[in-house]
Amino acid sequence: MRYLLISICFIPFLSFSQSNTEIFLFDINTKHSKIEINTGKNLSNNKGYDNQPSFVDDHTILFASTKNEQTDILKYNTSDFSKTWISSTEGGEYTPLQMPNKNGVSAVRLDKDGKQRLYAYDMITGESTELIKDVVVAYYTWFNESIIVSAVIENDDLNLYVHDIKNGTNKKYASKVGRSFHKIPNANLVSFISKSNSNLWQIKSLNPLTGEIKLIANTIKGVEDICWLNSKTLLSSKGSVLYKLTLQKDYNWKKVKDVSDDGIENITRLAVNSKGSKLLLAGDVAEDYSLLSIMDSKLQLIEEHAAQIVDKHIDPFNNRNLKEFSNAFNINVIVKSFPAEIMYYGRDNLIEHYKLFYENNEKSSVKVVNRMTLKNVVIDEELVTLNNTTKRQVTIYETDDDEITTMTFIENSKLKKKQEVLINEQIEMYNKKDVKPYGRTFSTDVKVYDFPHELSIDGRPALRDQYISLVDTTPNLYAEIVNRIIIGNKVIDKIKTTINDTIEYTVAIYEIENGLISAVTYIK
């Protein structure tokens, strides 16, 4: 959990600074005091200010993020990569933390009139309530569900206070402190940074119940951001380098990892989850830092997970383990014939179908020979062997929550190579922005669908009008084929399209009739 000073003079600096901060997530492996930290994943992917990350649990993360020049609370889910905005006040929210034993988030809010206070926000509605009145809190952490330890702005200093929000008391314990506050693991103590000696900053502990303060260690010179990996080991940073200090073992801070290869020029905040297995970093990145490769990496993670879900049913199918096979599917799974004809519905019907299938086929197996993935959708080109006969088919799997939710079969028919030539010509004309030849690759009554079967364009004139509009507004337009499957009269392409400064991926399922494209189904 990491914290930002939010004085009235500091916020304008943030608003007009050229620095670009991003939130990164790392995995941590600790063996015999040796710490290994893997390559980071950018969670924020947002040009502008993203900072003060904290863990709600192993899969849920909070941080302050800017949208439309407004800094609000963002909740990020690592399981499905979803982002949810919690606050939407006119003020800016900073340092969001999960409130102990409550479905709420606390954050420091700076209103447009200059008022700065600590608020509680409902996780669902975003409604806010002031937690500590008449005190200007800059940084803070929760000791328990009623006690907060914070740095309060008084004149030109940050001073250490303990607030009992249940009894409405505020008590000062130290002067000249830093911005880093943490509950120490396995102890009824909170660590803070003492700056009473300007030449030697120190990490100290506070017992909020007794007021007792003890020295823990010295900081890295000029550094005030730390976090606890466990009850004995501290993490800190300087520039792009992470350091660790194990109490009663290390005499000085020891280098763990340089994260400059992840695009981080300067680490500004750190946070570790309760298990000590995940590390969050907020860091300044270069002005020319590109999000494209990061977005590709993030998309790759989603697609790898979808592929793993689909893989769970293949071995059980080949081993005729009907129970394990069926468990890979959602209880309400839908099985279809392309494009949208429902064959049957539900896991119980799937079990009955494959029970009969195994009875009618003494030998059966499936082998994936080509695969393309797009977000949560997996498209497999499969060789299916039934007894002594092998056939090709394509299956489109949609996944969610570690299960297959729909399975759509595309049956094979006679392969015609000239169909590939037609699609290549269509792509070439698309990239040349040659409207008439591009349009002539489609039939006059061509239909364009959004998967599975929602009509979006009807007829060649409508398709050409949309393409002309796209060309007029997109000087930098280019499509390239990433992967291709050909089955019967269908060509299935995964396409990477450059649209000005952004990259988009789609899957196009082309249907060819009489030498022209008669239908296209897009998976986006």
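1. Two strands pair if DSSP finds at least two bridges between them. Strand E14 (residues 157-164) and E15 meet that test in this predicted model, with 5 bridges in the antiparallel sense. Tyr 161 has Lys 172 in E15 as its bridge partner.

2. That pair belongs to an open sheet of 4 strands, ordered E12-E13-E14-E15, with antiparallel pairing. Strand E12 (137-142) and strand E15 (169-174) are the edges, each pairing on one side only. Direction ignored, neighbouring strands of this sheet are turned by 30 degrees against each other on average.

3. Next, helix H5 (residues 347-360). Its 14 residues should span 20 Å at 1.5 Å a residue, and the end C-alpha atoms are 20 Å apart, so the two agree.

4. Which residues of H5 are buried? Arg 347, Leu 350, Tyr 354, Phe 357 and Tyr 358 are. They cover an arc of only 95 degrees around the axis, which puts them on the same side of H5. The face turned away from that buried side carries the exposed residues Asp 348, Glu 352, Glu 359 and Asn 360.

5. The largest nonpolar core has 25 residues. Tyr 438, Phe 442, Leu 463, Tyr 510 and Ile 517 touch the most other members. Helices and strands both contribute: H6 (418-432), H8 (460-473) and E36 (502-513) are among the elements that each supply at least two residues. H6 gives the most, with 5 residues.

6. Leu 463 touches Tyr 438, Phe 442, Val 446, Val 448 and Ile 457, not counting residues up to four places away in sequence. Another core, of 23 residues, lies apart from the largest one. Its members include Leu 322, Tyr 358, Val 378 and Phe 409. Tyr 358 is also one of the buried residues of H5.

Conventions. Residues numbered from 1 in each chain as written. Predicted model: local features only at pLDDT ≥ 70, side-chain atom pairs only at ≥ 80, totals over all residues. Heavy atoms only, no water. Core = buried A, V, L, I, M, F, W, Y, C linked by side-chain atoms within 4.5 Å. Buried < 20%, exposed > 50% of the residue type's maximum accessible area, 1.4 Å probe, protein only. Contact = heavy atoms within 4.5 Å. Expected span 1.5 Å × (residues − 1). Arc of directions from axis to C-beta. Axes fitted to C-alpha atoms, helices over the stretch in contact; angles between N-to-C directions.
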